[in-house]
Amino acid sequence: LMAMSGLEPAALNYLQVRAAGNDQGSSNENYDRLESARVRLAMSGPIHQALQKCLDMIKHIDLASQKKIVPELDSSLRMGAGFATRAAVADAVSSLCNTCPDAFRFPGTSTTNPSVRLLRALYYASERERGASSKDRMTHAMGSLAELVPGKAVRTLAAKASKACERYSESSGSSNDPSVRKAAAATVRAIVVRAGGQMHDGGRKDVWAKVVLPTAFIGRHDTDERIRGLWNEVWEEGGAAITSRDNSFGVTKEEQILPYIKHAVIKNLQGTSWANRLSACAVIKELTEANILAPTPCSINGVPDKQNERQNIRASISRVILSECVKLIAQRRIWSGKGEVVKSAASIAGKWTNTVSLDDGSKTLLCYILIYAKCT
């Protein structure tokens, strides 16, 4: 593994550094093309062929010997001088997770567990890696390993995923950085898609439902098509796990995590980034068109108490979001996309104007509707 980078010609690294210096802005196209070429060259060489033969033989040795390989993978990843070594370690982890999954099962959830150490090393390596090819390999390996380590360790990593979500939000709008947004989305996708079974236990903080899925729901409206695709996968896979976990029959996954989506939407509306506000408006319109930010539909067989509870929650959340929209509309400053805020507020107001039976929350909501009408 160490020889993958150690025996590589130094001139290739010099060329890639020069290519990185010639890239303009946040674009890494030249760097990524050269990195992909270097990875293909390394993976087609005799060292990689010998490494592949060693990996093929591991499944035939006893379990105790297999377990001794995991700390060596961790050491190679941390000590590797070049990305060819790190990419080879990531490929080895992905391969062994499929052929020898029991080799990664150790007791304990702390750093004394070699698999947990390797999982964290993969996360931090993928976070620091600049090239897209090596980063993709490490996030793929991290997702494969996350399915085999203890759930508590994955929930600890979920806290890291929530930080990735924060980085995604911070890299939007005026601080636009597509590479950071894509890296954050890819990290979360690797955990959610390849280790979906871990999402059934969210732990005490339940980062999956409170942070990851709301960010994914908003990320589905990203301006970059590739990033939208990553967040779509997170939403579909993670949403299915949350729905089956909560066992709420007849309630969509959007409504199940609506209070947390509300927090994400309010944060975007209150931010200074116009792009983030537009994303929030797109989410509001989607929820309104799906009749979620609207009165609950009448059901003959429904339970009245449960129906009233859902109605009150929807009214309360609609009231808060409409209030934020009205505050933006009332500001005298005109900015590109302000009309979308008006449309979002109108869509919410239109859903609630025909409400027949009004509780206290709905009455307050109508007050905001009147304010909205005065502002427009």
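**Entry 1: a helix pair.** I began with H14 and helix H15 (residues 274-289), whose axes come within 8 Å and cross at roughly 145 degrees. Axes here are lines fitted to C-alpha atoms, for helices over the stretch in contact, with angles from 0 to 180 degrees between N-to-C directions. Helices are DSSP runs of H or I with at least four residues, strands are runs of E with at least two, and both are numbered from the N terminus.

I noted that H14 passes H15 in a left-handed crossing. Left-handed means that the near helix is turned anticlockwise from the far one by less than a right angle, and right-handed means clockwise.

Which residues of H14 meet H15? I found Leu258, Ile261, Val265, Asn268 and Leu269 on the H14 side. Across from them, H15 brings Asn276, Arg277, Ser279, Ala280, Cys281, Val283, Ile284 and Leu287. This contact divides into nine nonpolar, three polar and one charged. Ala, Val, Leu, Ile, Met, Phe, Trp, Tyr, Cys and Pro count as nonpolar, Asp, Glu, Lys and Arg as charged, and the others, Gly among them, as polar.

**Entry 2: what I am reading.** This is a predicted model, in which local features need pLDDT of at least 70 and side-chain atom pairs count only at pLDDT 80 or more, while totals for chains, interfaces and linings use all residues. Residues are numbered from 1 along each chain as its sequence is written, and side-chain values use heavy atoms, with hydrogens and water left out.

Entry 3: Buried means under 20% relative accessible area, exposed over 50%, and partly exposed in between (1.4 Å probe, protein chains only).

**Entry 4: Ser279.** Is Ser279 buried or exposed? I logged Ser279 as buried, because its relative accessible area is 15%. Ser279 sits in H15 and touches Ile218, His221 and Asn268, not counting residues up to four places away in sequence. Contact means heavy atoms within 4.5 Å.

Entry 5: Ala294 counts as buried because its relative accessibility is 3%. Ala294 touches Arg314, Ser318, Lys351 and Trp352, not counting residues up to four places away in sequence. Ala294 and Arg314 are 20 residues apart in sequence, and their C-alpha atoms are 6.6 Å apart.

Asn291 is in this loop too. Asn291 has a positive phi of about 60 degrees, although it is not a glycine. Most residues other than glycine have a negative phi. Asn291 is partly exposed, at 37% relative accessible area.

**Entry 6: the wider chain.** I counted 18 helices and zero strands in the protein chain. Of its 376 residues, 47% are buried.

The largest nonpolar core has 89 residues, and Val93, Phe104, Leu118, Leu122 and Leu145 touch the most other members. Helix H6 (residues 83-99) gives the largest share of this core, ten residues. A nonpolar core is a set of buried Ala, Val, Leu, Ile, Met, Phe, Trp, Tyr and Cys residues joined through side-chain atoms within 4.5 Å.
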